[in-house]
Amino acid sequence: MRNSTNSVTTKNNIYLSIGVIILITLFCCSLFVGKYPLSLAKILQGDELQIKVFMTLRLSRAVVGLIGGFALGISGFIYQTIFRNPLAAPDIIGVSSGASAGAAFGILFFSGALSVTLCSFGGALVSVGLAILFSSLDKTDRKSTVILAGIAVHSLAQTFLMILKTMADPEKQLASIEYWIMGSLNGINSHIIAGNLILCAACLAVLFLLHRQSLLLSQDEAEARMLGVDVSKMRFIILIVSTLVVSSVVSLTGLISFVGLLAPHSARKLTGNNSAKTMFLGGIVGGIILLAADILARSVAQTELPVSIFTSLIGAPFLVLLIFRRRDKI
Amino acid sequence: MSLAEIRNITAGYDKENVLENVSFDINCGELVGVLGANGSGKSTLVKAVSNLLPHNGNVVVGEKTIENLKPYETAGIISYIPQHSGLNIDISVLDVVLMGFNSKLKILENPGREMLERAKATIELVGLKDKAESNYLTLSEGQKQLVILARALVSDGKLLVMDEPESALDFNVRYKIMSLVKKQIQGENRAGLLVLHDTTLALNNCDRLILLKDKKIVGIIDLHNDTIESAEEKLSLIYGEISLVKTAGKTGRESLIMICDSEGV
């Protein structure tokens, strides 16, 4: 038994190491892919323009790709665990569209990156609250309820967004709202990301610390309660923290589909469990997906494409596959 | 010596009472079974005793009133085993059992080496030594229930509460679980309260049986002191025309068996 335990641990460590290597490779590629060609030699020689492009555009973009993907992977893992549904992910239960509607509200009525972030967080929080409220109306313990509630929340957020768009100034605000919704890592500059990334990293650390509690919440409420968990309080704390993670990313990148669904499932498929290591691997896979999608988004066509095109191209068939394979658990 | 006092429990769903003023005691080392027809309030009773359902009346275990406790305090006093666990994530058997230590850990604390060793020993005790690293979801229903029992055992609750733990299990596992539970509560400051579907299992393993009908207790059978006739009379209050027969197996071990005397409907 000890041997089998060790071999499982070794296997999972190998997956983690391979994941980290791919992630670092993609991160480095991300630094040097783009319209303006950068060369390491010139940067090292002290070429001012090269250094400026590297520091203000590329580095921040690659960092957001890495941390954003990681964060979406982790939040997907947490949502799936505490909502007890393999389909739960920030974009599927309506959190991301709530964040989008919030951000559009911020673009329309306030100015500055911070207010957009705050409004986006507010939108995400309202969406989670509504998803929980709608699903609590169904007294049965059906696992599909939260997904159906999420679809309702998503539609509501879209309606709100449409209203905001009709109110927007077509010259300036509408364009920024549309651009924001399409989701892109383009235009992220180093001045605005620090606050979001610090918030995101702090919340991710809390989620890792609360991993054991998340697993306790993955069972029936009565069972968790009889194991000593203050279910409502703990679920509330974990949801707020993971929603904070999602909105700190989405408010920078706009809507990014499917990373939160794909990444944790891929990690679980590899390790076969829900340990903290698997959660971490889910984050790594999330980072890999987002960095790869972003590299493709800026290299396959003349103009830059929205990053969600690529995440959705992999994510949508995966979702269908998941529904067919795990019909009993959804 | 009394371990738990259940006083005037009234509970139900949607303003309709399923139980009214139910009171009884549970003594140290005693296994108390709850019998009754479907809908007689057996599950409601154990849920109210575990404070999982809003109710009137109170439950005192040791010197603590369960209704006044926080969930982590309750978890250190009552170990609860549901009919079916709702766990449906890929998780190792060892990790499921380690969940039982939650009430002894701080929120951010992880189980230490000692807890790990105890969890392994308890997995061995329930006969699943080879499955400690297996995925819980790949186990049979019987094995899953044994894992949940192991988890309840490590949580060290004084009162072990089980809601029809045997309903989905085959013959051998039913007896295995009963024998494990009996061993655990003997000689310690512990007791068990079990809702049972299988009357034969209840008659041959419990110390006392609480009989529920029409929202209240219609009889209590003391299986060590009551005569067969008296037990038969009390059981017929909930099951109708029945007979109790004492019989012995090949090894000479005597068992009580309940036989239905009516044609049924």
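Student: In which order do the 6 strands of the open sheet in chain B stand, and is the pairing parallel, antiparallel or mixed?

Tutor: The model is predicted, so local features are given only at pLDDT of at least 70 and side-chain atom pairs only at pLDDT 80 or more, while totals for chains, interfaces and linings use all residues. Residues are numbered from 1 along each chain as its sequence is written, chains are lettered from A and ligands numbered from 1 in the order in which they are written, and side-chain values use heavy atoms, without hydrogens and water.

The order is β6-β7-β8-β3-β9-β10 (chain B), and the pairing in this open sheet is mixed. Strands (E, at least two residues) and helices (H or I, at least four) are DSSP runs numbered from the N terminus, and two strands pair if DSSP finds at least two bridges between them. At the edges stand β6 (78–81) and β10 (216–222) of chain B; each has a single partner strand, so one side of each lacks a neighbour in the sheet. On average, neighbouring strands are turned by 20° against each other, direction ignored.

Two pairs of this sheet can be taken in detail. Strand β7 (residues 159–163) of chain B and strand β8 (residues 191–195) of chain B run parallel and are joined by 5 bridges; in this pair Asp163(B) is opposite Val195(B) in β8(B). β9(B) and β10(B) run antiparallel, with 6 bridges, and Leu212(B) is opposite Ile217(B) in β10(B). The hairpin of β9(B) and β10(B) has 2 residues between the strands, and Asp214(B) takes a positive phi near 45° there.

Chain B also has an open sheet of 4 strands, in the order β2-β1-β4-β5, with antiparallel pairing. Its edge strands, β2 (16–27) and β5 (64–65) of chain B, each pair on one side only. Between strand β1 (residues 2–13) of chain B and β2(B), which run antiparallel, there are 8 bridges, and Ser2(B) is opposite Asn27(B) in β2(B). Helix α1(B) packs on this sheet, touching β1, β2 and β4 (55–61) of chain B, and its direction makes about 120° with that of β1(B). Contact here means heavy atoms within 4.5 Å. Axes are lines fitted to C-alpha atoms, for helices over the stretch in contact, and angles run from 0 to 180 degrees between N-to-C directions.

Chain B meets chain A through 36 residues, against 26 residues of chain A. The two chains bury about 2700 Å² between them, 57% of it on carbon and sulfur atoms; buried area is the accessible area (1.4 Å probe) that two parts lose on being put together, summed over both. On the chain A side, Arg212(A), Met226(A) and Leu227(A) lose the most area to chain B, together 27% of what that side buries.

Within chain A, three helix pairs can be set out by angle and axis distance. Helix α4 (residues 95–109) of chain A packs on helix α6 (residues 145–167) of chain A at about 20°, with the axes 8 Å apart. α4(A) and α6(A) are therefore roughly parallel; angles under 35 degrees count as roughly parallel, over 145 as roughly antiparallel, 65 to 115 as roughly perpendicular and the rest as oblique. Their crossing is left-handed, a term for a near helix turned anticlockwise from the far one by less than a right angle, with clockwise giving right-handed. By class, the contact of α4(A) with α6(A) has 10 nonpolar, 5 polar and no charged residues. Ala, Val, Leu, Ile, Met, Phe, Trp, Tyr, Cys and Pro count as nonpolar, Asp, Glu, Lys and Arg as charged, and the others, Gly among them, as polar.

Helix α5 (residues 113–136) of chain A and helix α11 (residues 231–253) of chain A pack at about 140°, with their axes 9 Å apart, which makes α5(A) oblique to α11(A). The crossing of α5(A) and α11(A) is right-handed, and their contact residues divide into 8 nonpolar, 5 polar and no charged.

For helix α3 (residues 48–82) of chain A and helix α13 (residues 276–297) of chain A, the angle is about 135° and the axes are 7 Å apart, so α3(A) is oblique to α13(A). α3(A) passes α13(A) in a right-handed crossing. By class, the contact of α3(A) with α13(A) has 12 nonpolar, 9 polar and 2 charged residues.
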